[in-house]
Amino acid sequence: MESVLEYGMTILSDFNFMLAMLVIVLVAACFLGRYIVITRKMVIATLGVAAFRIVFIVVAHFVIKAVDPGLYEFMQNMSMLEGVSPDNQYYDALMMYSLIGNLIVNVFVFLYAFVFYLIAYKEKRLLRAIESTVALYLLYYYINTMVQYSYIYFNGATMEVLQAALMTTYGKDAAFYTMSAVITDFVVYLILLIILYFRYFKKKKFYVVRMRSRILFIVWLVFFSIFPAMPFGLERISEKYKMLCLLFGSLIPVLGMIAPILLVMSVAEKNLREKNEYQESYLAAELEYIERYKRKQEETRAFRHDIINNLSLTNMMLEEGKTEEASEHLKQLLGNVRALSPSIITGDEMLDCIVAMKADKMKEKGIGFSMDGVADGGLNLKPMDVCSIFANALDNAIEASSKMPTGAWVDMNIKRTEKFFVIKIANAAEQQVDVEKLFMSSGYTSKQDKEHHGFGLRNIRMAVEDYDGLVKAESDDSSFALSIMIPRK
């Protein structure tokens, strides 16, 4: 029974590490703007940690049996609930093997996590892997430290409790502490994983925390990992110290949660502002569409009223033999008909409206605009997504092109392939753009107000990928082109 319990705690400990690995991935995706696609294979890959532990235990048993048969036999007959005192002949050997084993396991699991992150990320993999491995270490150390000190404080806050729980090899107190810590860690990691996945990742609620906030959070994390250890430097334990320990044990975990909560609230408020801006853009496009539709209806009714009179007049001219006059009248009538025809036709009503709005904006700024091609049958996207994708793309093109002292232009081309509509938006540019930097998921902008800009391309890609589409970019010394591929239904 004890062996089952021991192996169970070991496996659960590895499972906690696996959950922590996934928590870091979700934090990177939801709060750091990292581009990550979570797949079943990725989740299964975390099992490598448990697999290594099993292999390591088997190998360690064979090694100890070969090197020190006496110690191996002692370990086989030893109960995990019975402590090994320093005067035991095998105490030093057990401590040495325990330290070596923990070192090997810790080095391997973090190396494994590094490789896991290296594969998981799609952009700047080496940097992201290093960043995530360090974050994993801080998170793992922080939660273990909080659980450790809380356990000690609530169990009397004495050096005896500390030694019995953490500084002994086996024993009832050490076993009870291990069980408590492992189960508590599991609950904490599981709650974090559920919240991050179902509250944010699955609902695609992605925020980007500013660098300043990230640094403050790391400082907070390190501070509250070290600060609780300070009372253990005291030699005497008084009642006042016990009370201080109880305060530590109850308040430190609570205080340790304030920083992430405030951080989430801050980025949530920022994201809400950003969403409001897109909502306003969408509503403006809707209103413009309605206004254009009303004007079109009024013009159509007026044209229908006039066309009868004009055709009757033309017919009368022809009957009277006034052929030249009838021809001139028909030319004038044809010009009026052409004037009534919409200047922007993309094949999608919402896209017509957005392009027409941006075309007017470009005309005001003196930017040349041309468009070619039609998405016959429409794009089959939600109106809000059409606005998010193409209003952003055209705004970026207008902004970049408007920086040109002369020769500002924007071109839009729509092509149809067997499986995709390919909408290419090209613009004049002052210099070649770093495409890799441009598509960093954390957002990139050349504007000074980086807090409220730079996420347009990220939103374009997210919206397009919701429809299994693709986004590509090309750049040279004088132009930039964004290609948006939307699957045809």
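Visitor: What makes α6 and α8 oblique to each other?

Guide: In this predicted model, the axes of α6 and helix α8 (residues 172-201) cross at roughly 130° and come within 10 Å. Axes here are lines fitted to C-alpha atoms, for helices over the stretch in contact, with angles from 0 to 180 degrees between N-to-C directions. Under 35 degrees counts as roughly parallel, over 145 as roughly antiparallel, 65 to 115 as roughly perpendicular, and the rest as oblique. Roughly 130° falls in that rest, so the pair is oblique.

Visitor: What meets what between α6 and α8?

Guide: From α6, the list includes L139, Y140 and I143; from α8, F176, Y177 and A181 are among them. Meeting means contact, that is, heavy atoms within 4.5 Å. The contact residues divide into 11 nonpolar, 4 polar and 2 charged. Ala, Val, Leu, Ile, Met, Phe, Trp, Tyr, Cys and Pro count as nonpolar, Asp, Glu, Lys and Arg as charged, and the others, Gly among them, as polar.

Visitor: Why is α3 called roughly antiparallel to α5?

Guide: Helix α3 (residues 48-67) packs on helix α5 (residues 91-120) at about 150°, with axes 11 Å apart. That angle makes the two roughly antiparallel. Their contact has 11 nonpolar residues, 2 polar and 1 charged.

Visitor: And what makes α12 roughly parallel to α13?

Guide: Helix α12 (residues 349-365) and helix α13 (residues 383-402) pack at about 20°, axes 9 Å apart, which makes them roughly parallel. The contact holds 12 nonpolar, no polar and 4 charged residues.

Visitor: How confident is the predictor in the chain?

Guide: Mean pLDDT (confidence in each residue, from 0 to 100) is 76, and 67% of residues reach 70 or more. Over residues 441-455 pLDDT stays under 50. Local features need pLDDT of at least 70 and side-chain atom pairs 80 or more, while totals for chains, interfaces and linings use all residues. Residues are numbered from 1 along each chain as its sequence is written, and side-chain values use heavy atoms, leaving out hydrogens and water.

Notes. Helices (H or I, at least four residues) and strands (E, at least two) are DSSP runs, numbered from the N terminus.
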